[in-house]
Amino acid sequence: MIKLNKNFPFLLVLFGILICGLNYGTANANPIDTPPSFEEKFTEVGYKSVEESVNEFANHLKVDVKLPTIMPPITFTHKFGRFYRDKKYSMNDSLEIIYVNKDIRNNIYKIDIRPLKNKINFKGKEYALKDGSKGIYFEHLYLNFLVFEKNNLQYILGIHKNVSNIEIPETLVRIANSIE
C-alpha cells in the first residue's frame, strides 16, 4: 500500500496549475485554428460552382439540364452546386443548387434535380404550369417547395418560408414556367 503525504493533494493542484499556466495566454498562429470562411463551409461539405456541378450531373446522366431563367425577387450573395452520385444503388443521383445570402439568413433558394426514373412522389396543392403539366406545392420545416417534371427530370424548387414580401407559391410557379 502506498502511503501519501498530506501535502500530496496540494502538490497535485499546484502541478495542474503549472501545466495549465504554461499554455495560458499563448497564441497559436497556425492557420488551422482560424475558422473557415463562409465559402469554405460550403466547400467542406462538397459544394462547388453551379456550372461545374451542372456539368458533372449532365455528363453522368447524359442529359441536357435546363435551369430557370428567372430568380426569386430576393437578394443572394453566394451560389453553390453539388452533384451527388449514388455509387451504391444508382437511384439517388441528384443535383443540388443553392442560393444564399451571407447577411440575411432567410434568403435561401434551392433547386434539386433528379432523373425522372427515380422521382419522388409528393402530396400537396396542385398548380397548373404553362406547358400543361402540373406542379405540386407543399410546405416543409423551413422551406416551401414546388415539385414538377420537365425534360425527363424532376425539379424541386424551394424557398425559405420566412422570406418576406413575396407570395411563395406564385413565385415558384413563375420560376418553374421559365424553364424551357
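How many residues has helix α3, and how far does α3 reach from its first C-alpha to its last?

## Helix α3

Helix α3 (residues 50-61) has twelve residues and reaches 17 Å from its first C-alpha to its last. This is close to the 16 Å expected at 1.5 Å a residue, the expected span being 1.5 Å times one less than the number of residues. Helices (H or I, at least four residues) and strands (E, at least two) are DSSP runs, numbered from the N terminus.

V50, S53, V54, F57 and A58 of α3 are buried (under 20% relative accessible area, with a 1.4 Å probe and protein chains only). They cover an arc of only 125° around the axis, which puts them on the same side of α3; the arc is that of the directions from the helix axis to the C-beta atoms. These buried residues pack against β1 (78-84), β2 (94-100), β3 (108-115) and β7 (153-160), contact meaning heavy atoms within 4.5 Å. After α3 comes K62, with a positive phi near 55°.

## The largest pocket

The lining of the largest pocket consists of K119, I120, N121, F122, S133, K134, I136, V147, F148, E149 and Q154. By class, five are nonpolar, three polar and three charged. β5 (134-139) and β6 (143-150) each supply at least two lining residues, and β6 gives the most, with three.

## Basis of the model

The model is predicted: local features need pLDDT of at least 70, side-chain atom pairs count only at pLDDT 80 or more, and totals for chains, interfaces and linings use all residues. Residues are numbered from 1 along each chain as its sequence is written, and side-chain values use heavy atoms, leaving out hydrogens and water.

Definitions and conventions:
On a 1 Å grid over the protein atoms alone, a cavity is a set of points where a 1.4 Å probe fits but cannot get out, and a pocket is an open set with protein on both sides within 12 Å along at least five of seven lines; lining residues have an atom within 4 Å of a point. Ala, Val, Leu, Ile, Met, Phe, Trp, Tyr, Cys and Pro count as nonpolar, Asp, Glu, Lys and Arg as charged, and the others, Gly among them, as polar. Buried means under 20% relative accessible area, exposed over 50%, partly exposed in between (1.4 Å probe, protein chains only).
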